[in-house]
Amino acid sequence: MILGFESTILLYFTLAGLFRLLWGFSKTAALVILTLAGAIFIFTLNAALFAYMCAQIIGVLFLRALCVAFPKQARPISWLAFLGLIPFNLQLWFGDHPIIADSVALIRGDINATVAWTAGATFFVIKSFVSLREAILEKRLRILPMLAGLTFVPAFPAGPIYGTQPFRPDKIADRLDFKDLINSVFQIGWGAAAFYVIAPALRYLIEMTPDTPLGIGADIYLGLAALYFDFSGYTWMALALASWFGVKLPPNFNRPFLATSIQNFWQRWHMSLSAFVSTYLYKPFVRSTGSPRLGIFLAFSVVGLWHELSLGYLLWGLGHGAALSLAMKPPAIWTNSMGKLPRWLALAIGWVLTMSWVALLSYIAASPSLKAHQ
């Protein structure tokens with residue numbers, strides 16, 4: 001975790017105790033303490049990263065004011081929140097330029113700050129956007145829940161994606177049951193094992209595989225497994241730590257390696273991103289184009305560029321969009337052929353094709369030759 005595993009557990013266990021003590025007297029004071037603690041932790045980690053976050057928050061508040069002034073244009077205006085991704089992508093493209101390199105060095109800081117910058121910036125921006133869109137819908141910006149959510153360090157680098165909902169006082173549980181506490185301990189244990197043990201072991205295997213066609217094939221599948229244990233492990237720990245405060249963050253993974261189709265995969269993998277795509281991209285695209293297939297293709301093409309403005313992630317988005325579009329209306333020859341097979345065999349073929357396609361796209365996205373110039 002970006003503050004270190006032991007430090008994060010100790011700090012947030014102590015903070016949860018203080019939060020619980022304050023909660024019975026003043027819910028507002030408890031949320032203020034949680035927000036201030038998160039801000040201080042991030043500032044201590046890296047002052048430039050903290051400044052970047054403040055700039056994005058100020059930008060969102062400015063956009064909120066514009067939305068109030070021009071309500072008919074509120075939804076298009078809200079998309080300007082994604083201008084916050086510019087600094088991250090400038091680093092990718094012009095990191096070797098003296099001016100950019102000096103600025104990035106400040107933002108990166110140590111290795112933990114690097115993780116927060118490279119992954120956290122994208123999640124931070126998208127969560128600020130969701131908070132803004134909720135404010136447009138409800139005609140009210142819940143500033144304290146928004147700030148508490150944006151500065152919640154355990155969920156900063158890897159999500160899940162949420163707006164103000166989980167941190168609203170009426171959504172926070174008044175007390176933590178013993179059963180919930182035990183479950184959180186198991187979640188932290190599994191998350192730590194996945195993130196600190198299994199994922200590094202898989203990455204080590206990738207480094208050891210020979211540079212041969214067979215070795216590259218192994219890398220493709222091992223890379224997806226490493227990504228899963230890395231990503232899901234971190235997310236499980238974030239969900240567990242949030243539960244100490246009575247906060248229920250949205251789940252992000254539901255056994256994605258059991259998926260037998262690309263549609264089923266995205267119902268199980270990065271579920272908060274799937275929900276975001278459906279709400280803010282897919283459905284609006286369908287209303288505009290009248291075509292669900294074109295809508296899902298365009299939506300995932302945009303999501304690819306949200307991850308990173310590079311050729312690798314563009315191909316990742318196009319690949320997932322094309323597969324999901326095709327799955328909505330597969331060719332007749334495919335459906336007829338699968339219909340003649342035993343169900344278990346058709347599911348097995350679907351599983352192999354799904355995992356292979358997803359693994360290949362992840363490998364392409366991470367390929368150094370397709371990354372932005374650094």
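**View A. Val352 in helix 16.** Val352 is partly exposed, at 43% relative accessibility; buried means under 20% relative accessible area, exposed over 50%, and partly exposed in between (1.4 Å probe, protein chains only). The residue is found in helix 16 (residues 343–366). Helices (H or I, at least four residues) and strands (E, at least two) are DSSP runs, numbered from the N terminus. Val352 and Ser261 are 91 residues apart along the chain, and their C-alpha atoms are separated by 9.1 Å.

**Model and confidence.** The model is predicted: local features need pLDDT of at least 70, side-chain atom pairs count only at pLDDT 80 or more, and totals for chains, interfaces and linings use all residues. Residues are numbered from 1 along each chain as its sequence is written, and side-chain values use heavy atoms, with hydrogens and water left out. The average pLDDT (the predictor's confidence in each residue, from 0 to 100) is 88, and 90% of the residues score at least 70. Confidence is lowest in helix 6 (residues 98–108), with a mean of 53, and highest in helix 11 (residues 262–268), at 96.

**View B. The Phe82–Phe129 pair.** The structure holds 35 aromatic pairs. Rings of Phe, Tyr and Trp (its six-membered ring) pair if their centres lie within 6.5 Å; planes under 30 degrees apart count as stacked, over 60 as edge-to-face and the rest as tilted. Phe82 and Phe129 form a tilted pair, because their planes stand at 45°, with ring centres 5.0 Å apart. Phe82 lies in the loop between helix 4 (74–78) and helix 5 (86–94), and Phe129 in helix 7 (residues 111–138), so the pair ties together parts that are 47 residues apart in sequence. Phe82 and Phe129 are both buried.

**View C. The Phe124–Phe156 pair.** This aromatic pair is also tilted, at 5.7 Å centre to centre and 50° between the planes. Phe124 sits in helix 7 and Phe156 in the loop between helix 8 (143–150) and helix 9, so the contact ties together parts 32 residues apart in sequence. Phe124 and Phe156 are buried.

**View D. The kink in helix 12.** Helix 12 (residues 271–289) has a kink of about 45°, centred on Ser278. The bend at a residue is the angle between axes fitted to the seven residues ending there and the seven starting there. Buried residues of helix 12 include Phe276, Val277, Tyr280 and Leu281. Just after the helix, Gly290 takes a positive phi of about 75°.

**View E. Phe178 in helix 9.** Phe178 belongs to helix 9 (residues 178–208). Phe178 is exposed, with a relative accessible area of 63%.
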